[in-house]
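This report covers aromatic ring pairs and helix packing in one predicted model. The sequence and structure come first.

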Amino acid sequence: MKAETAVAPRRPATRAPAAHPAESPSPRRAGLRRRVADNLVAHLFLGAGVLAFALFSWYPIVRGFLLSFQQVDFARPATWVGLDNFRRLFDDPLFLTAWRNTLWFTVLALVFGFAAPFVTAVVLNELRHGRAYLRMTVYLPVMLPPIVTVLLWRWFYDPGPGLFNQALAVLHLPAQQWLESENLSMLSLVLVSTWANMGTTTLIYLAALQGVPGELYEAAQLDGASIRQRLWHVTIPQMRFILLITLLLQVIGTMQVFIEPFVLTGGGPNDATVTVLLLLYRYAFVYNDFGLASAMSTVLFVVLGAFAGLYLRLTRSKG
């Protein structure tokens, strides 16, 4: 009988403990990282733009507001004077003169500069030939540098060989002191500003006129409405919002007039053309009183901010 060989019992195989997988980030965080990585260049450009805007827009505003409460000439350390600069500003007789001249310039600019672009746009809209050439001609002054435009008009206003006095001589009319007369100097500045800036507003009005339904004009014409009646009862009501927005923008722009009085009249004659920005320039760079100039800029900022708030309110309600 053969001896039975003992067979050792087979042990069950033991499995090695499985390694725990690394914790995966949440789907929301992973999606955010992916979007940031995909748009990294766009975020870099956006960050650079925000930084530049903060450096060149926000910082000067905050710095100017702080300077309005300080006595500073950048030659000695600044000293805190509180509301002293505003008291000196309101006591200066030129302060009221500058605001009165600026408001008078704004009124004249609205009379000429608000009506002229609208009338020009209506005439261009009625033309059938040469409209593109005339649009370019109207917009051409906007493309000129402002200082070039002002110097060109200074030759027009020259009391000797100037273009305007030469035209008056041809008509046997007496020559005028366009920039030396207290009665004509402000009107002369308004004409320069109107000619230089009406091109943009004209194109805005012309684009708005293209959106007026032609059926309204046809119905008005069938009812026997004249050109003036169609303009008053069809064109102006349809463009009411555009007219109001350009009115506010023009008020904001004309209250910041500087180049025309600075180059053409220097604020004269007898301070008849001293504007707010020209007086601010004198405070800062002629009298070397940057605290007083900053106080002036703060007052102007508040006034223009009110018009800007009205503009934003109107555009938001329209949207």
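Trp153, at 9% relative accessibility, counts as buried.

The model is predicted: local features need pLDDT of at least 70, side-chain atom pairs count only at pLDDT 80 or more, and totals for chains, interfaces and linings use all residues. Residues are numbered from 1 along each chain as its sequence is written, and side-chain values use heavy atoms, with hydrogens and water left out.

## Ring pairs across the model

Rings of Phe, Tyr and Trp (its six-membered ring) pair if their centres lie within 6.5 Å; planes under 30 degrees apart are stacked, over 60 edge-to-face, and the rest tilted. The count by this rule is 22 aromatic pairs. In one of them, Phe118 and Tyr205, the ring centres are 5.7 Å apart and the planes stand at 85°, so the pair is edge-to-face. Phe118 belongs to helix H4 and Tyr205 to helix H8, so the pair ties together parts 87 residues apart in sequence. Helices here are DSSP runs (H or I, at least four residues), numbered from the N terminus, as are strands (E, at least two). Phe118 and Tyr205 are both buried.

Trp153 and Phe164 also form an edge-to-face pair, with 5.6 Å from centre to centre and 65° between the planes. This pair links distant parts of the chain, eleven residues apart: Trp153 is in helix H6 (residues 146-156) and Phe164 in helix H7 (residues 163-170). Ring pairs join Trp153 and Phe164 with Trp155, Phe156, Tyr157, Trp178 and Trp195 in a cluster.

## Packing of helix H4

Axes are lines fitted to C-alpha atoms, for helices over the stretch in contact, and angles run from 0 to 180 degrees between N-to-C directions. The axes of H4 (residues 93-126) and H8 (residues 185-210) come within 7 Å and cross at roughly 40°. That makes H4 oblique to H8, the class left after roughly parallel (under 35 degrees), roughly antiparallel (over 145) and roughly perpendicular (65 to 115).

The axes of H4 and helix H13 (residues 276-286) come within 8 Å and cross at roughly 145°. With contact meaning heavy atoms within 4.5 Å, Leu94, Phe95, Ala98, Trp99 and Thr102 of H4 meet Val276, Leu279 and Arg282 of H13.

Terms used: Buried < 20%, exposed > 50% of the residue type's maximum accessible area, 1.4 Å probe, protein only.
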